[in-house]
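Subject: Two-chain model, handed over

Hello,

Here is the model you will need for your next look. My notes follow below it.

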Amino acid sequence: MPSPKEPNADFAEAVQKQHGGESLMLCFQCGTCTGSCPSGRMTSFRTRKLIRKAQLGLKDDVLKSPDLWACTTCYTCMERCPRGVEIVDIITVLRNMAVKEGIMSDEHRKVGEYLLANGATIPLNAKYEDAREKLGLSRRPVNTLGDKKALEDFQKILKAVGFDKLIGGA
Amino acid sequence: MAKKYALFLGCVAPARYPGIESSTRAICKELDMEIVELEGAGCCPAPGVIKSFESDAWLAIAARNLALAQNKGADILTICNGCYGSLYDAAHVLHNDPEKLRAVNKILREVGLEYNGDVKVHHFAELFYKDIGLEHIKSHIKKPLDMKVAVHYGCHFLKPSNIKHLDDPERPKILDELVEVTGAKSIDYKDKMMCCGAGGGVRSGNPSLANKFTEEKLKNIKAAGAQYIVDVCPFCHLQFDRGQKDIKGFDIPVIHLAQLYGLALGVPKEKLGLDLQEVPASF
């Protein structure tokens, strides 16, 4: 028989200390969030359960579950929560904690790499440069997609906060 | 209307749907709005995905964009719910938390910038509704539209409503009114306020889940008899348009509000880019 999971109060405390995680313990488990969640209609993701597990400090259950990444940040749950729990912000805190522990999908790592390389989450290629020209726009826009010095500044900031190492999985 | 607005392009519009960028430029001209370029701006960065990875990185990059606008003496004009969500949210944090502002400025100094905390962030639909006004737009309509459209608000335009205070997040009216001023009819449909499915890193991390959202929306939109989808976010736009490469049998073209206004204000069709999309729209 598997041994019962041990609650870990330190984890819940760590969540509450982060900006956006303060309201974690206000949740009284009514389930309005789960009932409102479009992702929950299509997956096994249950918002109420995720919040409960975070309250109890079931760290591995929370941080290692793919469900943590099923939220589209649509805010429907947060708008309807009768306790003012900032659910999306808590999910963001939990995701940050997971990434910090190296728990991140290859696809998401790639988005981070694109951001570092382009100053944008998607690159600009010749097909769309041609489309821009056809519409009377400059081939490359005035932002980091077309301005090398700006891209260097952008990368400097990301490196200053350690984003490159985080994405590299170091 | 003397206020200057720095056009914040973001990623998806300039790099995948340039028709949204060119339409925006054209309609701002038609409506006598002064737009300045925000040279060197970067990713907003994406609120659902990049903020999910590292909130401090997200805030520092957003602050850089705000500082660039501040140095131009302009407020920010976004054409994307994601950019609006990120920059509005970041401005809200920096304008209310001196400690965060101090920490961010320490990083910005490495690239010769400092943010003082007074730039306003606008979504173009919000600005059109509240500052430009429906009457002003109406007086510029040259080709009234006769079509039935499904309005898609997206998530980060109105929400979280406790910091944005734009409209009722459950039953809003802003976009419907902005659309109907052109003569088009905004039809009601089941689960109108549902997300497109792309946000929060779901499109990149779990595309089949994102498409399930989209398919449900497309079914509801088709059942209500809409001919087009009208949105205010290039990322929702991409999800609906490219999503239909995988989700067959709908063929519903997607029109960004700036493109819809382009049609109604008489902007040449070659500037709108509607023919360049996966599900092209011809008028």
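First, a term: buried means under 20% relative accessible area, exposed over 50%, and partly exposed in between, with a 1.4 Å probe and protein chains only. By that cut-off Tyr75(A) counts as buried, at 7% relative accessibility.

Now the ground rules. This is a predicted model, where local features need pLDDT of at least 70, side-chain atom pairs count only at pLDDT 80 or more, and totals for chains, interfaces and linings use all residues. Residues are numbered from 1 along each chain as its sequence is written, chains are lettered from A and ligands numbered from 1 in the order written, and side-chain values use heavy atoms, without hydrogens and water.

Chain A

Chain A has eleven helices and zero strands. Both kinds of element are DSSP runs, numbered from the N terminus: helices are H or I with at least four residues, strands are E with at least two. The radius of gyration of chain A is 20 Å, well over the 15 Å that the globule rule gives for 170 residues, so chain A is more spread out than a compact globule. That radius is taken over C-alpha atoms, and the rule is 2.2 Å times the number of residues to the power 0.38. The C-alpha trace spans about 60 × 35 × 30 Å along its principal axes. Of the 170 residues, 51% count as buried.

Two residues in chain A deserve a look. Thr73(A) is not a glycine, yet has a positive phi of about 60°. Tyr75(A) is not a glycine either, and its positive phi is about 75°. Thr73(A) sits in the loop between helix 5 (59-63) and helix 6 (76-80). Tyr75(A) is in the loop between helix 5 and helix 6 too. Thr73(A) counts as buried, at 4% relative accessibility.

Chain B

Chain B has 14 helices and eight strands. Its radius of gyration is 18 Å, close to the 19 Å that the globule rule gives for 283 residues, so chain B is as compact as a globular protein of that length. Its C-alpha atoms fill a box of roughly 55 × 45 × 35 Å along the principal axes. Buried residues make up 66% of the 283.

Check two peptide bonds in chain B. The bond from Cys44(B) to Pro45(B) is cis, with omega near -5°. Pro45(B) is in the loop between strand 2 (35-37) and helix 3 (50-53). The bond from Lys159(B) to Pro160(B) is also cis, with omega near 0°. Pro160(B) lies in the loop between strand 5 (148-151) and helix 9 (161-164).

Where the chains meet

How many residues of chain A are in contact with chain B? The count is 59, against 67 residues of chain B. Contact means heavy atoms within 4.5 Å. The size of an interface is often given as the accessible area lost when the parts come together. Here the area buried between chain A and chain B is about 5200 Å², and carbon and sulfur atoms give 64% of it. On the chain A side, Met42(A), Leu135(A) and Ile157(A) lose the most area to chain B, together 13% of what that side buries. Buried area is the accessible area, with a 1.4 Å probe, that two parts lose on being put together, summed over both.

Best wishes
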